[in-house]
Amino acid sequence: MYSAAITGTGVFTPQHTISNDELVDAFNAYAERFNAEHAEAIAAGEVEAKPQSSSDFILAASGIERRYVLDKSGVLDPDRMFPRLPARADEEPSYMAEMAVDASLQALSQAGRSADDVDAVICAASNHERAYPAIAVEIQNLLEINGFGFDMNVACSSATFGIQTATDMIRAGSIRSALVVCPEICSAHLEWRDRDCHFIFGDVATAVLVERDEGLERPHFKIRSTRLATDFSNNIRNNDGFLRRTHDQMEDRRDMQFMQNGRKVFKEVLPLVSQHIAGHMADDGISADDLKRLWLHQANKSMNDYIGKKVLGRAPEDGEQPNILQDYANTSSAGSIIAFAKYSDDLGAGDIGLICSFGAGYSVGSVIVERA
């Protein structure tokens, strides 16, 4: 059995940002127009009026202040309220592959590696641009990597599930290294016309290079252990859709987009994640005092504050549990990896941290790492 380590990370960030104020202006313009057009039905009780949104409401509900998106104009158009992502020809790179290549090149550069050093590509994301061929194989081709690639989807937990998958293959000796990439185009599956969720998501792509822990000369993170769990729930779901409506080629329906029963999710996910982390730490012989950093899934600040307090037995101190969702919003599987990429360089040799992602499924994955 071999050991594995994280040797490089990369984050692709789109050029467009949408502030809460911009988002609220667009949503409220849409809501006012909808209410005017359906005034008689609303008065008759046949149609429910669209409520107004506000930046204060968004910040209090989520901790989000802005988000990055691939397309801003379509989202902020009150007549449209979703991105414009023109269909690409078969010979062009897919959106997801293009994003993932950028993040992957960053990860390879940080690790001092090239495509020749990579054996596998795992594209782990909540939504995939097409059913087949696998996005991972396209990424592999664009990077000119020998070996193989495959897609996997465990919603917001995809990154940690992908890291364990890569780690297990390295431990078994079937590969020496793998890129785990999480290209997330969440703006396409979000219902921007629903006040309860129109602010939640943003777009991004992350990459993590996982290698056999042998003869590594650059700073890296040893993967001490991993743990995964799932428990079926229909409270977070996406029944259909994703990019198809952005091409303006088919009917736009609410049931094709992100759906969530937020109150049940809070009630059921928080204890599930807290107990999962506690059990993983106990089995690895790690106490709360041993843990220097928690890189959690970036869905909601209140959720992270709760989990951090449960895991540490106290409120996390500044820097112990970094949040990035104020700038990126929820980026599904990529969130915990963005936090890890941006807030890990300051750890010293022997410092221990835990990456955790959780979400639809329900699913939860954790990776305990040690700085080396």
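Which backbone oxygen lies 3.4 Å from a polar atom of the side chain of His128? That oxygen belongs to Ala125. Please keep in mind that this is a predicted model.

- You will find His128 in the loop between E4 and H5.
- With a relative accessible area of 18%, His128 counts as buried, because the cut-off for that word is under 20%.
- Besides the backbone oxygen of Ala125 at 3.4 Å, the His128 side chain reaches the backbone oxygen of Met152, at 3.2 Å.

**The nonpolar cores**
- The largest nonpolar core has 37 residues, and those touching the most other members are Ile6, Val210, Ile223, Trp295 and Val369.
- Two or more residues of this core come from each of the strands E1 (4-12), E4 (120-124), E6 (177-185), E7 (203-212), E8 (221-230) and E13 (363-371), and likewise from helices H6 and H10 (335-342).
- H6 gives the most to this core, namely six residues.
- Another core, of 29 residues, lies apart from it and includes Leu85, Tyr95, Ala103 and Leu209.
- As general background, nonpolar side chains tend to be buried together in soluble globular proteins.
- Beyond its neighbours within four places in sequence, Val369 is in contact with Ile6, Ile223 and Trp295, among others. Its partners also include Phe221, Phe340 and Ile352.

**Arg171 in helix H6**
- Arg171 sits in H6, which spans residues 158-172.
- This arginine is buried, at a relative accessible area of 17%.
- Setting aside neighbours within four places in sequence, the contacts of Arg171 are Met1, Tyr2, Ile223, Arg224, Ser225 and Thr226.

**Helix H4**
- H4 covers residues 95-111, 17 residues in total, and its first and last C-alpha atoms are 25 Å apart, close to the expected 24 Å.
- Its buried residues include Tyr95, Met99, Val101, Ala103, Ala107 and Leu108.
- The buried residues of H4 pack against E1, E4, E6 and E7, as well as helix H5 (135-143).

**Helix H8**
- H8 runs over residues 301-312, with 12 residues and a reach of 16 Å from first C-alpha to last, close to the 16 Å expected.
- Buried in this helix are Met303, Asn304, Ile307, Gly308, Val311 and Leu312. They lie on the same side of H8, because they cover an arc of only 140 degrees around the axis.
- Lys309 and Lys310 are exposed, on the face of H8 turned away from the buried side.
- At the N-terminal end, Asn300 caps H8 with a side-chain oxygen 2.8 Å from the backbone nitrogen of Ser302.
- Just after H8 comes Gly313, whose phi is positive, at about 80 degrees.

**Cysteines**
- The structure holds zero disulfides.
- For Cys123, the nearest cysteine sulfur is that of Cys182, 7.6 Å away. A disulfide here requires sulfur atoms within 2.5 Å, so Cys123 is in no disulfide.
- Cys182 is in no disulfide either, with the sulfur of Cys123 as its nearest cysteine sulfur.
- Both residues are buried: Cys123 has a relative accessible area of 0%, and Cys182 has one of 1%.

Conventions
Residues numbered from 1 in each chain as written. Predicted model: local features only at pLDDT ≥ 70, side-chain atom pairs only at ≥ 80, totals over all residues. Heavy atoms only, no water. Helix = DSSP H or I, 4+ residues; strand = E, 2+ residues; numbered from the N terminus. Buried < 20%, exposed > 50% of the residue type's maximum accessible area, 1.4 Å probe, protein only. Contact = heavy atoms within 4.5 Å. Core = buried A, V, L, I, M, F, W, Y, C linked by side-chain atoms within 4.5 Å. Expected span 1.5 Å × (residues − 1). Arc of directions from axis to C-beta. Polar contact = N/O pair within 3.5 Å; in protein donor to acceptor, adjacent residues only side chain to side chain.
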